[in-house]
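Here is a short tour for someone meeting this structure for the first time. Keep the view open while you read.

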Amino acid sequence: MENNGISEKYLQYRMNVLNYTHEDMNLKLSSNDQVYIACFDIPTESIIAGNQVKTLALVFGLNTHIYFPDGSAATGLEEDPEVMKAMQSLLISAHQVLPVMTLTQNYDYYDSDNIRVYFRTGAGVYYKELTGVTKQDRFIRMLLDGVTQAIARSMVGK
């Protein structure tokens, strides 16, 4: 186990998604700012283990997964049509906030009290830590909430 209870398996799952390219997917991009992968590191509170995190990984048209710090994963979430629709809506709309994000080559995991957002495009990976202060932060959060609410509804039905 890594520091703060974060397993190597979790870190590997997360990096696999962030390193996945449109070429790996055989996906032809319509432009360099087309977002085809979104990765959200979402901090969560746990009275048992202290601060924890889960990562929501969205791969356009393919996968919606949640990775947990112990290395477990919830997969196949995209099989629910509402989850797929919310995921695609987020990825289609995400390019609107790229101008306020930072193009980065460093997407190593770190602890934070804020949601960290990574969008993979043809130009590379864009990053932003959400503070909720800007309208762009609120827009990303609204899109993220659409996906997480769809996931929650699909899990209740199982």
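## Val-53 and its surroundings

Start at Val-53. Beyond its neighbours within four places in sequence, Val-53 is in contact with Ile-6, Tyr-10, Asp-41, Ile-42, Pro-43, Thr-44, Phe-68, Pro-69, Tyr-109 and Arg-116. The residue sits in strand S2. The model is predicted, so every value here is computed from it.

Is Val-53 buried or exposed? Its relative accessibility is 2%, so Val-53 counts as buried. Now look along the chain to Asp-111. Val-53 and Asp-111 are 58 residues apart in sequence, and their C-alpha atoms are separated by 8.3 Å.

## Two nonpolar cores

The largest nonpolar core holds 30 residues. Which of them touch the most other members? They are Phe-40, Leu-56, Leu-58, Leu-90, Val-117 and Phe-119. Several elements give two or more residues to this core: strand S1 (37-44), strand S2 (52-59), H3, strand S6 (116-121) and H4.

Take Phe-40 as an example. Residues up to four places away in sequence are left out of its list. Phe-40 then touches Lys-54, Thr-55, Leu-56, Leu-58, Leu-90, Ile-115, Arg-116, Val-117, Phe-119, Ile-140 and Leu-144. Another core lies apart from the largest one. This other core has 13 residues, among them Tyr-36, Ala-57, Tyr-67 and Tyr-109.

## Helices H3 and H4

Two packed helices are described by the angle between their axes and the distance between the axes. Helix H3 covers residues 81-93, and helix H4 covers residues 135-156. Their axes come within 8 Å and cross at roughly 170°. How do the two helices run? An angle over 145 degrees counts as roughly antiparallel, and that makes H3 roughly antiparallel to H4. The crossing of H3 and H4 is left-handed.

Both helices supply residues to the contact. From H3 come Glu-82, Val-83, Ala-86, Met-87, Ser-89, Leu-90 and Ser-93. From H4 come Phe-139, Leu-143, Leu-144, Gly-146, Val-147, Ala-150, Ile-151 and Ser-154. By type, the residues of this contact are 10 nonpolar, four polar and one charged.

Thr-148 also belongs to helix H4. Its relative accessibility is 29%, so Thr-148 counts as partly exposed. Thr-148 and Asp-108 are 40 residues apart in sequence, and 23 Å apart from C-alpha to C-alpha.

What is phi at Asn-26? Phi is near 55°, a positive value in a residue other than glycine. Most residues other than glycine have a negative phi. Asn-26 has 73% relative accessibility, so Asn-26 counts as exposed.

Leu-29 is found in the loop between H2 and S1 too. At 16% relative accessibility, though, Leu-29 counts as buried. Setting aside neighbours within four places in sequence, Leu-29 is in contact with His-22, Gln-34, Tyr-36, Thr-121 and Gly-122. One of these, Tyr-36, is also a member of the core of 13 residues. Gly-76 is 47 residues from Leu-29 along the chain, with 24 Å between their C-alpha atoms.

## Tyr-13 in helix H1

Finish at helix H1 (residues 8-19), where Tyr-13 has its place. Tyr-13 has a relative accessible area of 26% and is therefore partly exposed. Which residues does Tyr-13 contact, leaving aside its neighbours within four places in sequence? They are Tyr-67, Gly-71 and Ala-73. Tyr-67 is itself among the residues of the core of 13.

His-65 gives one more distance. Tyr-13 and His-65 are 52 residues apart in sequence, and 9.8 Å apart in space, C-alpha to C-alpha.

Conventions. Residues are numbered from 1 along each chain as its sequence is written. This is a predicted model: local features need pLDDT of at least 70, side-chain atom pairs count only at pLDDT 80 or more; totals for chains, interfaces and linings use all residues. Side-chain values use heavy atoms; hydrogens and water are left out. Axes are lines fitted to C-alpha atoms, for helices over the stretch in contact, and angles run from 0 to 180 degrees between N-to-C directions. Helices (H or I, at least four residues) and strands (E, at least two) are DSSP runs, numbered from the N terminus. Angles under 35 degrees count as roughly parallel, over 145 as roughly antiparallel, 65 to 115 as roughly perpendicular and the rest as oblique. A crossing is left-handed if the near helix is turned anticlockwise from the far one by less than a right angle, and right-handed if clockwise. Contact means heavy atoms within 4.5 Å. Ala, Val, Leu, Ile, Met, Phe, Trp, Tyr, Cys and Pro count as nonpolar, Asp, Glu, Lys and Arg as charged, and the others, Gly among them, as polar. A nonpolar core is a set of buried Ala, Val, Leu, Ile, Met, Phe, Trp, Tyr and Cys residues joined through side-chain atoms within 4.5 Å. Buried means under 20% relative accessible area, exposed over 50%, partly exposed in between (1.4 Å probe, protein chains only).
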